[in-house]
Amino acid sequence: MVRAKKGQGDRVFLALILGLTVFGLIILTSASGPSGYEEFGDSYYFLKHQLISGIIPGIAVMVVAMFTPYSWYRKIAFPLLIVSIGLLVLVFIPGIGTDFGTFANSWIDIGGFSFQPAEIVKLIFLLYLCAWMAERAGGKIQDFSEGLVPFLIIMGIIAGLILLQPDLGTLSIIGAMAFIIFFIAGGSLKHIIGIGIACFVALYVMIASSPYRI
């Protein structure tokens, strides 16, 4: 494992992030050029929009995160989770939540500023799970009442709110992420198998009931 010296970021990880970002911008430019020219008269409209609204703020947040002690994240993980769940609820409030002409009511639009709370949940829930499972190291995570039940409750709350939007794609990503973390943290093998079977059945039912989801 490559370890960074004190006061430095992980240069390998940083290089991977920047590489993926540049690759994503190239793909975006290639795919959106005709649409940008047809709709706005500028082939680079979507690239500029992504740079201004996503890349620049993202880099600023990344720099701050690089120099923030990881122990601080453990302290704020739960409050941030509550806030992110609150944002998921806001998408259902008329005048705040919107679907921008799609069938999924998954956006918040306030004063011309719009974002998807589910995208924020991806990061915050990952942070919370890591902090929560770190506190249950040493066998507690394998316990039914202290490990599995709380995990399923919080996962169920988030899954329910995202499904109501509905956004099965995002839920699949968050569910897979949570499942992997639960496994790495040392969750009971029988619990993991049980969760896997239940998720497979639920996914099959949801796809069968709405074929577009496939």
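**Exercise 1. Decide whether Leu87 is buried or exposed in this predicted model.**

Solution. Step 1: take the relative accessible area of Leu87, which is 19%. Step 2: compare this with the cut-off, since a residue counts as buried under 20%. Step 3: Leu87 is therefore buried.

**Exercise 2. Find the element that holds Leu87, and list what Leu87 touches beyond four places away in sequence.**

Solution. Step 1: look up the element; Leu87 is part of helix 3, residues 70-90. Step 2: leave out residues up to four places away in sequence, and the contacts of Leu87 are Ile108, Phe115, Pro117 and Ile120. Step 3: for a distance in this region, take Trp107, which is 20 residues from Leu87 in sequence. From C-alpha to C-alpha, Leu87 and Trp107 are 9.7 Å apart.

**Exercise 3. Describe how helix 5 and helix 6 pack.**

Solution. Two packed helices are described by the angle between their axes and by the distance between the axes. Step 2: read both for helix 5 (residues 144-163) and helix 6 (residues 168-184): the angle is about 165° and the axes are 10 Å apart. Step 3: angles over 145 degrees count as roughly antiparallel, so helix 5 is roughly antiparallel to helix 6.

Step 1: name the residues in contact. Helix 5 contributes Gly147, Leu148, Phe151, Met155, Ala159, Ile162 and Leu163. From helix 6 come Leu168, Leu171, Ile174, Gly175, Ala178 and Phe182. Step 6: sort them by class; the contact of helix 5 with helix 6 has eleven nonpolar residues, two polar ones and no charged ones.

**Exercise 4. Summarise the chain by its elements, burial and surface.**

Solution. Step 1: count the elements: seven helices and three strands. Step 2: write their order from the N terminus, α-α-α-β-β-β-α-α-α-α. Step 3: of the 214 residues, 29% count as buried. Step 4: the accessible surface is about 13,800 Å², with 72% belonging to carbon and sulfur atoms.

Technical notes: Residues are numbered from 1 along each chain as its sequence is written. This is a predicted model: local features need pLDDT of at least 70, side-chain atom pairs count only at pLDDT 80 or more; totals for chains, interfaces and linings use all residues. Side-chain values use heavy atoms; hydrogens and water are left out. Axes are lines fitted to C-alpha atoms, for helices over the stretch in contact, and angles run from 0 to 180 degrees between N-to-C directions. Helices (H or I, at least four residues) and strands (E, at least two) are DSSP runs, numbered from the N terminus. Angles under 35 degrees count as roughly parallel, over 145 as roughly antiparallel, 65 to 115 as roughly perpendicular and the rest as oblique. Contact means heavy atoms within 4.5 Å. Ala, Val, Leu, Ile, Met, Phe, Trp, Tyr, Cys and Pro count as nonpolar, Asp, Glu, Lys and Arg as charged, and the others, Gly among them, as polar. Buried means under 20% relative accessible area, exposed over 50%, partly exposed in between (1.4 Å probe, protein chains only). Accessible areas come from the Shrake-Rupley method with a 1.4 Å probe; for residues, only the protein chains shown count as cover.
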